[in-house]
Each structure stands twice: as C-alpha cells, then as structure tokens.
Amino acid sequence: MICAQLSAINGLDVAFPNSTLYAATESAYWSIQEASLAPLCIAKPRSSNDVASIIKTIANQDCPFAIKSQGHAPAAGFANIDEGITIDLMGLDAVTTNEDASIAHVGSGASWLDVYAHLDPVNKTVAGGRNGGVGVGGLTLGGGISYFSPQVGFTCDSVTNFEIVLANGELVETNASSQSDLFRALKGGLNNFGVVTRIDFHTLPIDEILGGRVVNDISHRNEVFDAFRNIADAYPYDVHASITTSAIFNAATKAWTLLSAPIYTKPQTNPKVYAELFAVPSISNTVKITQLHTLANESAIAQTNQIFSTGTYGVSTQLLDRIFDICNDTLHDFNVPGSLQWITTFEPLPTVFVSRGAHNNVLGTSPDHGNVMILLFSASWSDLDSSSSVHAKLEEVLRKINTVAKEMGQLREFVYANYAGIYQKPISSYGVQNDAYLRHVAKKYDPHGVFQSQVPGGFKLFD
Ligand SMILES: Cc1cc2nc3c(=O)[nH]c(=O)nc-3n(C[C@H](O)[C@H](O)[C@H](O)COP(=O)(O)OP(=O)(O)OC[C@H]3O[C@@H](n4cnc5c(N)ncnc54)[C@H](O)[C@@H]3O)c2cc1C
C-alpha cells in the first residue's frame with residue numbers, strides 16, 4: 001500500500017522484489033546478514049526533494065523503514081529491513097566544491113572513493129573513511145576515523161553543514177548558525193534525527209601520501225606490538241601518522257598473521273615514526289608513495305557474514321599481549337562449517353586527535369583521557385547457520401578482554417558506534433550529558449519519535 005504511494009511520487013524509482021533494481025541494492029550490502037533482509041520495496045531517491053517526498057509519505061504510518069548509504073554497517077537491520085521500506089541513498093552521490101575548493105558538498109549516499117577521486121586532482125581531500133567503499137552518510141554520522149584524524153579530528157569534526165530531511169518532511173540546512181543544536185547532535189548521533197541528504201566538509205590540502213601494508217610472521221608479535229605502542233603512545237604524536245595493526249586468525253589452519261597498514265599523510269618515504277616497525281622482518285611490505293584514491297580503491301570482497309565489536313583501552317604492550325592470549329586461548333579450538341576468520345585490529349586514538357572536536361561533537365572523547373587505542377574485534381564466516389555461535393564466541397572474547405583491561409586499569413568508557421556490535425551501547429558511552437542532550441534534541445526535532453520507533457535499525461536513543 002505505502003509502496004504504491006511511493007511509486008506515485010513523480011520521478012522516484014521504487015524497486016520491487018525480483019527486479020534488477022531491487023537486486024542492485026541487495027547486492028551492494030557489505031554483509032550477508034544485511035543482504036538477506038527483504039524489504040517490501042526499496043525507494044531510490046535521486047535528489048533531496050525526493051527524500052522529502054518519501055518521508056512525507058511514510059512518516060507516522062504503520063510501516064517501518066531503514067536508511068541506507070553504502071550499506072557497510074555489518075549488523076542485520078541497521079540499513080535494511082524485513083517487511084518495511086528501505087531508502088537507498090546511493091543515488092545521492094554528487095561531489096562538488098565551492099570556487100576555491102575549501103568546502104566539498106557531498107551527497108550522503110556517495111562512497112569515500114567518489115569523494116577522493118573527485119578531490120585528488122585538485123590536491124584537496126576530506127578527512128573521511130579509509131576504505132573507499134564505505135558510505136559518507138553512515139561513517140560521518142557515527143564520528144568517522146580517517147588517516148587525517150590526528151590533524152583534524154573525527155570526520156564529523158570537519159563538517160560545516162548538514163542538509164537533512166526531518167520527520168515532518170521538511171528539508172533544512174543545519175550548521176553552526178542555524179539549528180546549531182541539531183548540527184552538533186548529528187556529529188555522532190547516527191540515524192536518530194532524520195535522513196541526511198548532503199554533507200558539506202572543510203577540505204584540507206593533500207599531496208601524495210605514503211601507504212600500504214606490512215605483513216609479519218606471528219613470531220614477531222612482540223616487536224610489532226612494541227612498535228605499535230611506541231607510535232600510538234608518543235608525546236608529541238606525529239599528526240601525519242595513521243596506523244592499524246591487526247592480528248588475524250584463520251580458524252581452519254589455526255594460523256595467526258600480523259597485518260599493519262601504516263600511512264603517512266605526506267609523500268615521505270621513510271618517516272621516523274615507522275622506523276621501528278619497518279625494521280621488523282616482514283613477509284611482505286607494499287608501503288609506497290601513492291595517491292589517496294588509489295589506496296582507498298581496495299578490491300571489493302565477496303559478501304560474507306560479518307560482525308563487529310569494539311572497546312577502547314589505554315595504550316599498553318602488556319594489554320596487547322593479554323588480548324592476543326585471550327583470543328588465542330578462546331578461539332583456538334572453536335570452529336564452524338565453512339570458512340571463519342577473526343580479526344583484532346588496534347588503532348591509536350591519541351589526545352591530539354580527540355582534542356580537535358572536543359565539545360563540538362557528542363562522542364564524549366576527551367584529551368583528558370590520555371592517548372588510548374581502539375580495538376575493532378570482528379569475525380567473518382560463510383555459514384549463516386553458525387551465526388549465533390560465532391556471535392556468542394565474539395561476546396565471550398570481548399567480555400574477557402574487558403575484564404582483564406579493567407583489572408589492569410586500562411578499560412576506557414568510549415564505545416565507537418561505527419565499530420560497535422548490536423549488543424553494545426555506544427550512545428551511553430558518550431557520557432550522561434551527551435546522552436541527555438541527544439534525547440532532548442531528538443524530542444525537539446522529531447516530537448513523535450519517527451526516527452526512534454519507525455526506524456528500528458542502528459543504535460537508538462531511548463533503548
Ligand atoms: C570495509 C570497512 C571499512 C571501514 N573503514 C572505516 C574507517 O576507515 N573509519 C571509520 O570510522 N569507520 C570505518 N568503517 C565502519 C563504518 O564507518 C561503518 O560501518 C558505517 O556505518 C558505514 O557507513 P555506510 O554509510 O556505508 O553504512 P550503511 O550501512 O549504509 O549505514 C550505516 C548506518 O548509518 C545510517 N545512515 C547512513 N546514511 C544515513 C543518512 N544519510 N542519514 C541518516 N542515517 C544514515 C544507517 O541508517 C545505518 O544505521 C569501515 C567499515 C567497513 C565494513
């Protein structure tokens with residue numbers, strides 16, 4: 001019934017099951033769990049006005065809906081829905097700039113690769129996602145960690161303006177001088193306030209950068225963890241350095257591998273900050289001078305089942321070792337039919353990074369907490385029927401990690417929403433004041449709670 005009303009909107013594409021248009025959206029999700037959900041129909045707006053017409057049609061009706069940008073949130077239901085309507089924003093992918101390219105105007109359904117491919121030729125960039133396939137909408141509304149974050153903060157800290165469709169269908173621009181309370185709430189407030197249609201960002205200059213991957217044998221774990229710690233906990237932190245270090249476990253072969261992605265946001269071949277890491281004997285090292293859009297253009301992987309979870313901790317080699325041991329002990333003898341891979345990825349969240357947007361976003365991170373590190377603990381597996389046992393194992397590991405980290409005085413409150421598992425509570429980790437602020441702003445701009453009750457996907461404010 002509502003799908004028929006949507007189909008009547010002039011110029012709006014509405015896709016129904018068994019059509020090519022419908023399949024195109026379903027195949028664009030990153031995880032099988034999201035792609036397995038079957039909306040009644042998928043609305044595919046091509047303009048902000050289309051989105052306004054959609055919301056006017058479906059808000060306050062008895063029909064749940066989901067909002068999708070590039071569909072990279074792994075959890076089922078975050079950006080897709082059974083027995084409801086999915087709004088697929090991928091048609092809102094325009095990237096333009098103002099005259100001197102100091103501001104980029106980006107459709108919220110664009111991918112970060114769209115942004116970098118457009119801006120690299122004019123030697124500008126936005127502090128956005130590292131993998132080019134990730135969506136501008138989801139990453140920015142959850143905060144956003146970028147190679148440039150030590151220079152300019154979370155991705156949301158570079159936003160100058162959000163264009164958003166509110167629950168009443170009104171299309172508004174929100175920025176520091178217009179509805180500034182909503183502007184701030186959107187910097188970490190996820191999909192709780194409306195459908196964001198365009199995001200304007202401060203750009204920053206970019207030349208070529210240094211980037212690639214270093215693979216080390218697990219026997220060099222201590223040296224790699226030491227190098228990571230010394231990068232992550234340096235005072236002063238080198239603001240051009242951005243690194244992730246992962247320990248990857250293949251459940252079939254029982255083999256661990258170490259994979260680091262050291263990036264330097266200047267064309268410098270051997271920055272001092274990576275000397276210790278580069279001195280560790282490696283199996284392969286692809287680090288070289290390159291362009292951001294080349295680095296971000298990672299080949300797409302086939303859809304698999306995926307789960308994320310996260311924690312934030314003080315930077316400590318001892319804790320890195322303990323986390324590795326917990327994972328190894330708990331996961332070593334666990335397996336499921338088909339393939340199964342576990343990834344523990346560590347990345348620095350130095351004080352210089354969080355100081356950029358403190359008080360301007362709602363994430364609650366503060367330089368007062370010192371240099372910390374974020375863990376993204378994830379699994380990918382092929383057998384859908386094994387999902388509940390993989391989920392349970394993942395929760396067990398994270399529980400053990402948090403218990404040990406707490407005993408060591410290294411557990412921090414922040415739960416990064418973009419990496420959080422469905423069972424975690426990122427919004428309450430922003431702190432009591434930010435949590436209350438978000439609820440207050442939501443009540444003001446969405447008094448009937450459309451984005452709380454009719455949009456069940458994602459982390460809600462009144463859970
Ligand atoms: C391969 C990969 C690499 C990643 N790399 C990074 C990284 O470098 N840095 C980082 O911080 N995170 C990273 N992430 C995490 C990523 O930020 C989150 O998964 C994010 O939610 C994905 O955004 P999306 O728009 O693609 O996802 P979607 O699944 O489309 O959306 C995610 C959530 O945001 C909401 N949403 C999306 N767009 C809008 C909108 N316009 N208006 C209102 N709500 C909206 C959706 O409803 C949904 O709840 C990565 C994830 C993956 C899978």
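The structure is a predicted model, in which local features need pLDDT of at least 70 and side-chain atom pairs count only at pLDDT 80 or more, whereas totals for chains, interfaces and linings use all residues. Residues are numbered from 1 along each chain as its sequence is written, and side-chain values use heavy atoms, with hydrogens and water left out. The chain is divided into domain 1 (2–91), domain 2 (95–206) and domain 3 (209–290 + 301–426), with bounds that come from an automatic or database domain assignment.

**Interface of domain 1 and domain 3**

- The centres of domain 1 and domain 3, taken over C-alpha atoms, are separated by 33 Å.
- Contact, meaning heavy atoms within 4.5 Å, joins 13 residues of domain 1 to 10 residues of domain 3.
- About 940 Å² is buried between domain 1 and domain 3, and carbon and sulfur atoms give 62% of that area; buried area is the accessible area (1.4 Å probe) that two parts lose on being put together, summed over both.
- Within domain 1, Trp-30, Ile-32 and Gln-33 lose the most area to domain 3, and together they make up 60% of what that side buries.
- The rule finds 4 residue pairs in polar contact across this interface, both residues being at pLDDT 80 or more; a polar contact is a pair of N or O atoms within 3.5 Å, where within protein one must be able to donate a hydrogen and the other to accept it, and residues adjacent in sequence count only if both atoms are side-chain atoms.
- Helix H3 (residues 32–35) gives the most to the side of domain 1 that touches domain 3, with 3 residues; helices (H or I, at least four residues) and strands (E, at least two) are DSSP runs, numbered from the N terminus.
- The count of salt bridges between domain 1 and domain 3 is 0, a salt bridge being a side-chain nitrogen of Lys or Arg within 4 Å of a carboxyl oxygen of Asp or Glu.

- Gln-70, in the loop between strand E3 (65–68) and strand E4 (85–88), counts as buried because its relative accessible area is 12%; buried means under 20%, exposed over 50%, and partly exposed in between (1.4 Å probe, protein chains only).
- A polar atom of the Gln-70 side chain lies 2.9 Å from the backbone oxygen of Gly-109, and Gln-70 also touches residues including Ala-28, Met-90 and Val-134, not counting residues up to four places away in sequence.
- Thr-97 lies in strand E5 (residues 95–97) and, at 29% relative accessibility, counts as partly exposed.
- With residues up to four places away in sequence not counted, Thr-97 touches Ile-103, Ala-104, His-105 and Leu-119.
- Thr-97 and Phe-201 are 104 residues apart in sequence, and their C-alpha atoms are 9.4 Å apart in space.

**Backbone geometry**

- Most residues other than glycine have a negative phi, and most peptide bonds are trans.
- Glu-83, in the loop between E3 and E4, has a positive phi near 55° and counts as exposed at 58% relative accessibility.
- Asn-123, found in the loop between helix H5 (112–119) and strand E7 (124–125), has a positive phi near 55° and is partly exposed, with a relative accessible area of 43%.
- The peptide bond from Tyr-235 to Pro-236 is cis, with omega near 0°, and Pro-236 has its place in the loop between helix H9 (221–232) and strand E14 (241–250).
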